[in-house]
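Dear colleague,

Here is the structure I promised to pass on to you. Please open it beside this message, and read on below for what came out of the search.

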Amino acid sequence: GHTVLVADSPAFGSARSVARRTGLLTPLASLGVPVMSLDKPVASMLPMGQSVGISSTALEADRILSLPKLKAHCQMRMTGAIKNLFGCISGMRKALAHTLHGDKGNRFPSLILELGQMLPPTVHLLDGITAMHVDGPKGGQPYELGLLAGSASAVALDTAACSILGLGPELVPLWQEARRRELPGSDPKDLHYPDHGPDDFPATGFVLPEHLKDESFNPMRLLKSSLKRIWTRLKG
């Protein structure tokens with residue numbers, strides 16, 4: 001009796017074009033599940049006082065099942081459940097958020113953490129079966145970790161993932177900000193594992209970026225990204 005849809009906000013192209021190229025469109029169609037882009041932004045004021053354009057598709061959902069990939073990230077060192085919600089910001093507004101708030105103290109991590117507070121109840125299923133290491137979000141390499149982890153708390157899930165990778169909060173900007181705010185799930189001692197724990201997933205040889213790149217996008221990069229996005233969508 002519920003309506004289910006798959007939605008995404010890819011950096012380039014539409015959600016349907018990405019689903020088609022990855023072979024998801026046909027099996028989803030056989031289930032009667034539409035694929036939609038997370039567009040139609042609604043200006044939403046975050047607790048930090050910044051306005052962002054969140055997709056109305058996300059805001060109007062009764063429930064969200066977020067499907068993040070565990071991966072290395074050149075700006076955040078590693079990303080999982082928390083950063084995946086950044087995709088609910090529509091289209092080029094994500095790049096604009098980078099430009100306006102990146103590399104200004106803790107503003108960019110704060111924006112991502114507070115975004116989760118604006119969304120409907122969300123459950124997170126982290127795919128680390130084949131994770132990405134070395135570099136990301138593009139240009140990384142596969143790493144067979146064999147991990148599938150779920151939680152109603154994005155913060156707790158990422159804390160667990162960082163524990164598996166042997167990281168401390170000082171190395172992961174999003175986790176560091178979550179600890180500064182004393183958010184539930186940000187302290188590894190408070191986590192409960194009903195089945196397997198971090199020690200069951202040895203991540204020997206998992207490589208993460210040593211030096212992080214700037215969070216902000218300069219105006220020229222923003223312009224090039226905008227033009228590429230428009231061209232990609234026109235091509236379908």
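The largest cavity has a volume of about 60 Å³, where a cavity is a set of points, on a 1 Å grid over the protein atoms alone, at which a 1.4 Å probe fits but cannot get out, and a volume is the space filled by probe spheres set on the points, with grid points joined across faces, edges and corners. The search of the whole structure finds two cavities of 30 Å³ or more. Please bear in mind that this is a predicted model, in which local features need pLDDT of at least 70 and side-chain atom pairs count only at pLDDT 80 or more, while totals for chains, interfaces and linings use all residues. Residues are numbered from 1 along each chain as its sequence is written, and side-chain values use heavy atoms, with hydrogens and water left out.

Lining residues are those with an atom within 4 Å of a point, and for the largest cavity they include Met 78, Asp 158, Cys 162 and Trp 175. β7 (77–79), α7 (154–164) and α8 (173–180) each supply at least two residues of this lining, and α7 gives the most, with four; helices (H or I, at least four residues) and strands (E, at least two) are DSSP runs, numbered from the N terminus. By class, the lining has eight nonpolar, three polar and one charged residues, with Ala, Val, Leu, Ile, Met, Phe, Trp, Tyr, Cys and Pro counted as nonpolar, Asp, Glu, Lys and Arg as charged, and the others, Gly among them, as polar.

A pocket, by contrast, is an open set with protein on both sides within 12 Å along at least five of seven lines. The second largest pocket has a volume of about 370 Å³, and of the 20 residues that line this pocket, the closest to its centre are Ala 149, Gly 150, Leu 157, Tyr 193 and His 196. Both β9 (141–151) and α7 supply at least two residues each to its lining, which divides into 14 nonpolar, five polar and one charged.

Elsewhere, Ala 97 lies in helix α5 (residues 93–101) and counts as buried (under 20% relative accessible area, with a 1.4 Å probe and protein chains only), because its relative accessibility is 4%. Leaving aside residues up to four places away in sequence, Ala 97 touches Phe 86, Gly 102, Phe 108 and Leu 111, contact meaning heavy atoms within 4.5 Å.

With best wishes

Key: Buried means under 20% relative accessible area, exposed over 50%, partly exposed in between (1.4 Å probe, protein chains only).
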